[in-house]
Amino acid sequence: DAHLPGLWNDWYGAWLHDTNFPRLIIRFEDLMFQPQTVLREVCHCAGGILAPRSAPPNTRTDSNINDFKYTAESAKGSQTAHAGSSGLVGALQKYGSATARIQGFTGMDLEFAVGKGSALDQELLEMFQYQTKNLGKFLS
């Protein structure tokens, strides 16, 4: 399909349905809101553990991570192309609020994405646990 939702459908649909090998798909939101949990699961999936860097290698466990560090600034820096990018707090404010998350979208945008005859694959939205039911109040 020649639109962004079609590209999203094709990309994730292929990774979920058309591959014969193990794969790991991580939602940005999960990494942002639950980084330790997600990283611990990624490590387990790869046969490792999420452990403090300060622990000697033969004593590391992933039961308690006390030196986990968050980066509050934008990971993209402030160079011209990325000037104004969100840091951790800005991203949490934007993606943690259902209203802020869709700010800038028109009713027509939302209708195209999740309305009747939606361009987005509903099975994929459900599989990734994206909530679209409450967007009806924003549709034109």
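Two rings of Phe, Tyr or Trp (its six-membered ring) count as an aromatic pair if their centres lie within 6.5 Å, and planes over 60 degrees apart make that pair edge-to-face. Keep this in mind for the views below, which come from a predicted model.

**View 1. Here is the whole chain, before we zoom in.** The chain has seven helices and zero strands. Of the 140 residues, 24% count as buried. The chain exposes about 10300 Å², and carbon and sulfur atoms supply 55% of that area. Among contacts with a separation of 6 or more, 46% come from residues 24 or more positions apart.

**View 2. Tyr-12 and Phe-128 meet ring to ring.** Searching the whole structure turns up seven aromatic pairs. In the pair shown here, the ring centres of Tyr-12 and Phe-128 are 5.5 Å apart and their planes stand at 80 degrees, so the pair is edge-to-face. Where do the two partners, Tyr-12 and Phe-128, lie along the chain? Tyr-12 belongs to helix α1 (residues 4-17), while Phe-128 lies in the segment after α7 (122-127), so this pair ties together parts that are 116 residues apart in sequence.

**View 3. An aromatic cluster has a charged neighbour.** Tyr-12 and Phe-128 also belong to a cluster, which they form with Trp-8 and Tyr-130. Which residue lies over the face of Tyr-130? Look for Arg-27, placed 5.0 Å from the centre of that ring.

View 4. The structure holds one salt bridge, and you can find it here between Arg-27 and Asp-30. Their closest N and O atoms are 2.9 Å apart. Is Arg-27 buried or exposed? With a relative accessibility of 17%, Arg-27 counts as buried, because the cut-off for buried is under 20%. Asp-30, at 21%, counts as partly exposed.

**View 5. Nonpolar side chains gather on the surface.** Which residues form this nonpolar patch on the surface? They are Trp-11, Trp-15, Phe-21 and Ile-25, and together they have about 380 Å² of accessible area. Trp-15 is found in helix α1, and Trp-15 is partly exposed, with a relative accessible area of 30%.

View 6. Begin with Thr-37, which sits in helix α3 (residues 35-45). Thr-37 is partly exposed, with 41% relative accessible area. How far is the C-alpha atom of Thr-37 from that of Leu-50? The two atoms are separated by 9.4 Å, and the residues are 13 apart along the chain. Now turn to the buried residues of α3, which are Pro-35, Val-38 and Arg-40. Their cover includes helix α2 (28-33).

Key: Residues numbered from 1 in each chain as written. Predicted model: local features only at pLDDT ≥ 70, side-chain atom pairs only at ≥ 80, totals over all residues. Heavy atoms only, no water. Phe/Tyr/Trp six-rings, centres within 6.5 Å; stacked < 30°, edge-to-face > 60°. Helix = DSSP H or I, 4+ residues; strand = E, 2+ residues; numbered from the N terminus. Lys NZ or Arg CZ within 6 Å of the ring centre and 35° of its normal. Patch = residues over 30% accessible without salt bridge, like charges linked within 9 Å, V, L, I, M, F, W, Y side chains within 5 Å. Areas by Shrake-Rupley, 256 points an atom, 1.4 Å probe, with all protein chains shown as cover. Salt bridge = Lys/Arg side-chain N within 4 Å of Asp/Glu carboxyl O. Buried < 20%, exposed > 50% of the residue type's maximum accessible area, 1.4 Å probe, protein only. Contact = heavy atoms within 4.5 Å.
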